[in-house]
Amino acid sequence: MRRMFSFDEIVAAVGGTVVNRKGAIGGTLFISGVSTDTRTIEEGNVYIALKGENFDGHNYTSQAVEKGACAVIVNSATKVPSNSIGIVVKDTLKALGDIASHYRFKLGCKVIAVTGSVGKTTTREIIKAALEPSFNVWSTKNNLNNEIGLPKTILSAPENTEILVLEMGMRGRGQINYLTNIAHPDIAVITNVGYSHIGILGSREEIRAAKTEIINGLTEQGILMVNGDDDFLFDYVRNIIPLNNGLAAVSVNDKLEGAVMNCPVCVSAYNLKENNGMDFDVAFSMGEKRRSMENVHISIGGEHNVRNACFAILCADILKADMDKTRKALASYAPMDGRGKTYHGRNYTVINDAYNASPESMAAAFRNLDATNPGSRKIAVLGGMLELGDVSASLHEQTGRECGIYGFDKIVVTGEDRKDFIKGLRSVSSGADVVSCADTNEVRMKIRDIIKPGDTVLFKASHSFGFEELAKEYIDND
């Protein structure tokens, strides 16, 4: 059995009170792992009874012990089963985070944490891909980026982990602060500050304040990396970054002139070219030192993904990865389904960017559609953007104006704010060919007569619209 922790380590990490209803243990008690789910518990695990709005893990402590848990962490001595050992804490969720934070330092690895309004998952995955040829890397899986998922990700990391890449999500103030003080990143990445969750937080200023909470957990001499092209973010963090931490920026420029920013450390991409993905060159600026990395390729389109790749390149450089291996890894990186992955089939080119949507990611998707397969007919199949609150109508109108710039051959749109989107679209392109649909089912029916062989088709919407399934139908049947 793996000896992940001693029992005394766990007690010290959570600051709990031991309740022993088992009697003499007979030697040191070791913990093989941490579990919050009796369905997956393993022999020698400590079971943490989490409590949420619709569940209470305290109801399953006896079952956890029966399945092999050597101890339970609970919020009351009365919840410790007979013939078992319990650790009583005030807050079992905090105990999960405390154990994860203890393990993060026990691993002795470097931690990279990624947040942002748009692109954090893609950036996380590109960073992971860039570093894997040089290090043992463990990373957030799927969307396990909250107060339960992040500690679980840390605690699932193998003992030989050298780099831990974590994604941090949030829906309100204080949540990133909680996560960063568990992970204590050596490198914190903020991809951008946009309008996602503005319906909850009320303003971009509040979103920025929530995202920049990631700074609070930085290790001594940790580095904050930001999108240098986002002035709203970059100008703000330059004034709040602690003196003992470093600041780095990434940028995308049309040419090398102006590629080196007013920042101690900067990586800038220039000479961008569409080539079944993107080709570009990179300029490094570190203090007075200047150097370059030419002929970099990523297999995913869009200027925004070049910027995401620059975060990965900068992480690799700072961590002293083998940069030749990093270059090759970036060239072979394949995006996750639903996050801008492009399928070049016999009949159609399908851009599946339907995992989520915001004004920023919509604009990036339009640029990507415009640049993909020059000369082909361009079809934009669009759903609404959610969680935008009182500014939803104006942001849909703004996104419509952005779409109208490109003169796409056909635009199919649904969602409650589609009239505002169309209003913005018409203000820029009065003759735009638009099909308005009541729901996703009508979209499905209408596009059967619209999409033709040779077309390049973008599917983009907030996740609840189910556009990933629409994209999959055209991919699977091509």
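1. In what order do the six strands of the open sheet with mixed pairing run? The order is E17-E18-E22-E19-E20-E21. Strand E17 (341–344) and strand E21 (434–436) are the edges, and each of them pairs on one side only. On average, neighbouring strands here are turned by 15° against each other, direction ignored. Keep in mind throughout that this is a predicted model.

2. E17 pairs with strand E18 (residues 349–353) in the antiparallel sense, over four bridges. Within this pairing, His344 stands opposite Thr349 in E18. A helix also packs on this sheet: H12 (residues 359–371). H12 touches E18, strand E19 (378–382) and strand E22 (456–460). The direction of H12 makes about 170° with that of E22.

3. Now the chain as a whole. The protein chain has 16 helices and 22 strands. Its C-alpha atoms fill a box of roughly 80 × 55 × 40 Å along the principal axes. Is the radius of gyration in agreement or disagreement with that of a compact globule? It agrees, because a compact globule with 478 residues would have a value near 23 Å and the protein chain has 24 Å.

4. A second open sheet deserves a look. Its five strands follow the order E2-E7-E6-E5-E4, and the pairing is mixed. The edges are strand E2 (17–20) and strand E4 (33–35), each pairing on one side only. Neighbouring strands of this sheet are turned by 25° against each other on average, direction ignored. E2 runs antiparallel to strand E7 (residues 85–88), and four bridges join the two. Val19 stands opposite Gly86 in E7.

5. Helix H3 (residues 92–107) lies across E4, strand E5 (45–48) and E6. H3 runs at about 125° to E6.

6. Next, a hairpin. Strand E15 (residues 278–286) and strand E16 (residues 289–298) run antiparallel, joined by eight bridges. Phe284 stands opposite Arg291 in E16. The hairpin has two residues between the strands. Gly287 takes a positive phi there, near 65°.

7. Two helices also pack together. Such a pair is described by the angle between the axes and the distance between them. The axes of helix H4 (residues 120–131) and helix H11 (residues 323–332) come within 7 Å and cross at roughly 135°. That angle is why H4 counts as oblique to H11. The crossing of H4 and H11 is right-handed.

8. Which residues meet between H4 and H11? From H4 come Ile126, Ala129 and Ala130; from H11 come Thr326, Ala329 and Leu330. By class, this contact of H4 with H11 has five nonpolar residues, one polar and no charged ones.

9. Last, a loop residue. Tyr195 lies between strand E11 (187–190) and helix H7 (198–201). Which residues does Tyr195 contact, leaving aside its neighbours within four places in sequence? They are Arg204, Ile207, Pro359, Glu360, Glu387, Leu388 and Leu395. Ser392 is 197 residues away from Tyr195 along the chain, and their C-alpha atoms are separated by 9.7 Å.

Methods. Residues numbered from 1 in each chain as written. Predicted model: local features only at pLDDT ≥ 70, side-chain atom pairs only at ≥ 80, totals over all residues. Heavy atoms only, no water. Pairing = 2+ DSSP bridges. Axes fitted to C-alpha atoms, helices over the stretch in contact; angles between N-to-C directions. Contact = heavy atoms within 4.5 Å. Parallel < 35°, antiparallel > 145°, perpendicular 65-115°, else oblique. Left-handed = near helix turned anticlockwise from the far one by under 90°. Nonpolar A, V, L, I, M, F, W, Y, C, P; charged D, E, K, R; others polar. Rg over C-alpha atoms; globule rule 2.2 N^0.38 Å.
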